[in-house]
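Dear colleague,

I am passing on the structure below, followed by notes on what was found in it. Please read the notes with the coordinates open.

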Amino acid sequence: MQAAGSTFTKRVSIAIHDKRLQAALAHASGGFVHKRAQQVAALPEFEALRERARDVKEHVLTNLDGYLERYEEQVTRQGGQVHWAATAEDARRIILEICRKADAKTVTKGKSMVSEEIGLNQALEAAGYEVVETDLGEYIIQLAKEPPSHIIVPAVHKTRQQVGDLFDLHHRPLGYTKHLTEVGEMVDEARQVLREHYFRADVGITGGNFLVAETGSSIIVTNEGNGDLTQTLARVHIVTSGIERVVPTLDDAVTFLRLLARSATGQEITSYVTLSTGPRRDDDLDGPQEYHVVLVDNGRSKMLGGPFREMLRCIRCGACLNHCPVYSSIGGHAYGWVYPGPMGSVLTPLINGLSAAYDLPNACTLNGRCQTVCPVKIPLPGLLRELRRQQFESGLTPAPIRLALRTWAALARRPRLYHLTMRIGVALLSLFGRRRGALAWLPLAGGWTDSRDLPAAQGRTFQQAWSARKGARP
Ligand code: SF4
């Protein structure tokens, strides 16, 4: 269902022929799928947790204004400041202003998909700040000047060899001359390089996995401890988060924490779970002098009252990416936007427009694995179908596809005609493909037959086979 020759189609074609990318994807997502399955099997209440998480999120979305106000009150009471950003542009402007007032030169960053969404790095660099990503994956792709290809493992598409080459290029001028081939050595070297930046940083920017209305705390989860150093060593800590990330209480946050790491990386819990509540107090040994939270709307409140409201339950665990056969085949960059995979195929058209991201909802096979593993039970295939419907209604669907869908709909409303057409079609397909068992070419099906043969029909329609099977049952 892709527009022929679209840039999306070209990116997909490049990705599926990229052997290094295919090897990296097979290695990474297979591991996550297996580990998640083990964790789920070991936790009898996993399903009950999913239901509770879904209910808490729904309750929050129904009362979002109240919980956000409560959160702001608590942040203010703890000595911090909340900033409201209606758009990505507002968010960039607010953060640049905080950096300017802090007379900052260097900004360190923990992993934050919202900062990718609002294009923060580009804005900071254009304003002359030195920006250093401190999450190892983010650091690698920053060196490679690439966007993340996965929401929790941004450098999943990079092989060890590629990372070694990148470190050669960027670390040699800093005095690190050994070519590295082992992951442990690379982590050590990155740690040493990043340590210098932590101490020089004026502003530390992190995301917020959860914002607790009860206490005014923001919570981040990491496996490297980089978030802690980013937010405690800089003079100013800025949290960037979507407005939907608020949860009522610390107890509720624990429900989500129990689901997040299991769904994301197949861990019981991440190595670090860090709560920040305001700037440092007089008797604190460390911590930032200023604590800011930038709450980003950027289209979220519009989703709240519409058919895509359930997407606001997303906790960005990445399980839907790991289990998606399309993502596993093409990786994140082929999608062409910040959020890839099933969640990105829903979110991107909502943030950037149905037309701009036309291809994404149509690139899904609707197999449903994403919904099965989503820890907050988002009906992703249903939302993708709704996006397709809206694209169709808006006249964005290409004419040949509209014609095919209209024809199919007309037939589906007339069962006799439908069965007759199917029988004729199947008879023709089996006649032409009988000799080879497959068809190498079929009119209007070039998207399939260009790269593989279409298995020939076996002589009966599904309805005929089904009726025969039912009749054969006792
Ligand atoms: S849609 Fe569900 S599975 Fe996908 S990232 Fe969001 S919470 Fe995780």
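T108 stands opposite G204 in β4, where strands are DSSP runs of type E with at least two residues, and helices are H or I runs of at least four, numbered from the N terminus. This is a predicted model, in which local features need pLDDT of at least 70 and side-chain atom pairs count only at pLDDT 80 or more, whereas totals for chains, interfaces and linings use all residues. Residues are numbered from 1 along each chain as its sequence is written, and side-chain values use heavy atoms, without hydrogens and water.

Strand β2 (residues 106-109) runs parallel to β4, with three bridges joining them, and four bridges join β4 to the parallel strand β7 (residues 236-242); strands pair if DSSP finds at least two bridges between them. V203 stands opposite V236 in β7. Both faces of β4 (residues 203-206) are covered, with V203 and I205 buried on one side and G204 and T206 on the other; buried means under 20% relative accessible area, exposed over 50% and partly exposed in between, with a 1.4 Å probe and protein chains only.

Finally, I424 belongs to helix α21 (residues 415-433) and counts as partly exposed because its relative accessibility is 47%.

Best regards
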